[in-house]
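I opened this structure to look up a few things and keep notes. The entries below are in the order I made them.

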Amino acid sequence: MKMDNQSCASEFLLLGLPSWTEKQDLYYALFLTMYLTTVLGNLLIILLIRLDSRLHTPMYFFLSHLALTDVSFSSVTAPKMLFNMQTQSQSISYAGCVSQVYFFLYFGCLDSLLLTSMAYDRYVAICHPLHYTTIMSQSLCILLVTVSWGLSCAGALSHTLLLIQLSFCGDNTMKMGNQSCASEFILLGLPSWAEKQDLYYALFLSMYLTTVLGNLLIILLIRLDSRLHTPMYFFLSHLALTDVSFSSVTAPKMLFNMQTQSQSISYAGCVSQMYFFLFYADIDSFLLTSMAYDRYMAICHPLHYTTIISQSVCSLLVILSWVLSCASAFCHTLLLVRLSFCGENTVPHFFCDLSALLKLSTSDTTVNELVILTVGVAVITIPFVCILVSYGRIGATILKTPSTKGIYKAFSTCGSHLTVVSLYYGSIIGLYFFPSSNTSNEKDVAVAVMYTLVTPMLNPFIYSLRNRDMKGALRNLLSKATFSPR
């Protein structure tokens, strides 16, 4: 194992503003006033836009997001600076410093992209006024904001991952407490895969291609068929996109290693793979919960369904899913990079699994395990309980007025989602509630294959074969392709 990834600092010292000690009270009052004005002013903008229907336009939609971003951007630096000025402290922990860098870059990039979206909105309004309402539709505005959040997250994450690879061992004001020696890990892959390499390679390549093509087909059908422009299929399209991304985190690297006889993965590559694995796994969980809530409202409160499950609510649920998943994955990643990996570097898995990496660490992993338990409750257990409650209420509603037609309608509406939920959470329960012994990881790998490759591959078949609307959209697409003039 190469020893060239070391980050020795456990904290940094923030010197603050030049000569701020001489005018501390003046600076403190000034910056506290500025920060409070920023927070209250921008929150007032958000409140006004939310309450006044005349402001429900694309320009003010972007402005509300810009106001929220400005509050968050200021909150990244100002509270810590004010706290240090008040307590005479200058220290910030390594984890706190890295987190501050991440969110500073994140909201800084988001500000820039939102300003660009607002400029495009003004350009269309002034240069193409007759087509303004058509071009700047609600779906386009939501897409621009979502893309802005996604690109900002990716940009900030790339800088952060590169930062934690650097060494901070020079300044004597830093305490020495964080060393991560590994520059690469060895992925052992599947148990006994070397004996049947060609068979495994062909099988998993076929599964991965089926996953990608099948889920992209679902997205295409939902996009092209106006009858599928409903909340249920809106969530389904995001689930399909997540499944493609989820499989792409692990499958290409595994297939590449099997083909090249290589088993190594760089430290940065391993950390990145773990981050995105957790990120998309959490999004899957939240999206399945949103879909269960959608089915609950459709069956238990059909008269209020269109009012409650509006497009804005659907978009909000998806955005919350992305944001909470990003925060959860980043929390685990930040804690992982604080650990030392100066001993064994062989991961008995086909990807960089968090639990497998913690077993290799030579540091104390108590905090990591506690966060896994706490965050796991928030992103896995609570959503699963919400799904069970939703279907419990659905079952109770059907039993109040039992009829063959009602039961069939409920089954056709919820059957596909229940099947996907059973596959997803069944794999997680089998892995974490019935763990294998430390000496044998074959069951862990098999279950991981199930929820990283098999379940995303089966989802398109489940939703297309058991869903009348999807089959109808597929027939329409095929008929158009067959009988279109050449």
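**Entry 1: the disulfide**

I looked for paired cysteines and found that Cys270 and Cys352 form a disulfide, with their sulfur atoms 2.0 Å apart. The model is predicted. I noted for myself that a disulfide is a covalent bond between the sulfur atoms of two cysteines. The structure holds 1 disulfide.

Next I checked where the two partners sit. Cys270 belongs to helix H8 (residues 267–300), while Cys352 is in the loop between strand E5 (346–347) and helix H11 (354–360), so the bond ties together parts that are 82 residues apart in sequence. I then looked up the torsion about the S-S bond of Cys270 and Cys352: it is about -125°, so the disulfide is left-handed. Are Cys270 and Cys352 buried or exposed? I found both Cys270 and Cys352 buried.

Cys97 has a relative accessible area of 18%. The cut-off for buried is under 20%, so Cys97 counts as buried. Cys109 has a relative accessible area of 30% and is therefore partly exposed.

**Entry 2: helices H2 and H5**

I turned to helix packing. The axes of helix H2 (residues 58–87) and helix H5 (residues 138–163) come within 10 Å and cross at roughly 25°. Angles under 35 degrees count as roughly parallel, so I wrote H2 and H5 down as roughly parallel to each other. Their crossing is right-handed.

Which residues make the contact? On the H2 side I listed Pro58, Phe61, Phe62 and His65, and on the H5 side Cys141, Ile142, Leu144, Val145 and Trp149. Sorted by type, the residues of this contact are 8 nonpolar, 1 polar and no charged.

**Entry 3: helices H1 and H2**

H2 also packs with another helix that I looked up: the axes of helix H1 (residues 24–51) and H2 come within 9 Å and cross at roughly 155°. Over 145 degrees counts as roughly antiparallel, so H1 and H2 are roughly antiparallel to each other. I noted the crossing of H1 and H2 as left-handed. The residues of the contact of H1 with H2 divide into 19 nonpolar, 7 polar and 1 charged.

**Entry 4: Asn368**

Last, I picked a single residue. Asn368 is found in helix H12 (residues 366–400). Its relative accessible area is 6%, so Asn368 is buried. What does Asn368 touch, leaving aside its neighbours within four places in sequence? I found Asn368 in contact with Leu335, Leu336, Leu339 and Leu358.

Definitions and conventions: Residues are numbered from 1 along each chain as its sequence is written. This is a predicted model: local features need pLDDT of at least 70, side-chain atom pairs count only at pLDDT 80 or more; totals for chains, interfaces and linings use all residues. Side-chain values use heavy atoms; hydrogens and water are left out. Axes are lines fitted to C-alpha atoms, for helices over the stretch in contact, and angles run from 0 to 180 degrees between N-to-C directions. Helices (H or I, at least four residues) and strands (E, at least two) are DSSP runs, numbered from the N terminus. Angles under 35 degrees count as roughly parallel, over 145 as roughly antiparallel, 65 to 115 as roughly perpendicular and the rest as oblique. A crossing is left-handed if the near helix is turned anticlockwise from the far one by less than a right angle, and right-handed if clockwise. Contact means heavy atoms within 4.5 Å. Ala, Val, Leu, Ile, Met, Phe, Trp, Tyr, Cys and Pro count as nonpolar, Asp, Glu, Lys and Arg as charged, and the others, Gly among them, as polar. A disulfide is a pair of cysteine sulfur atoms within 2.5 Å. Buried means under 20% relative accessible area, exposed over 50%, partly exposed in between (1.4 Å probe, protein chains only).
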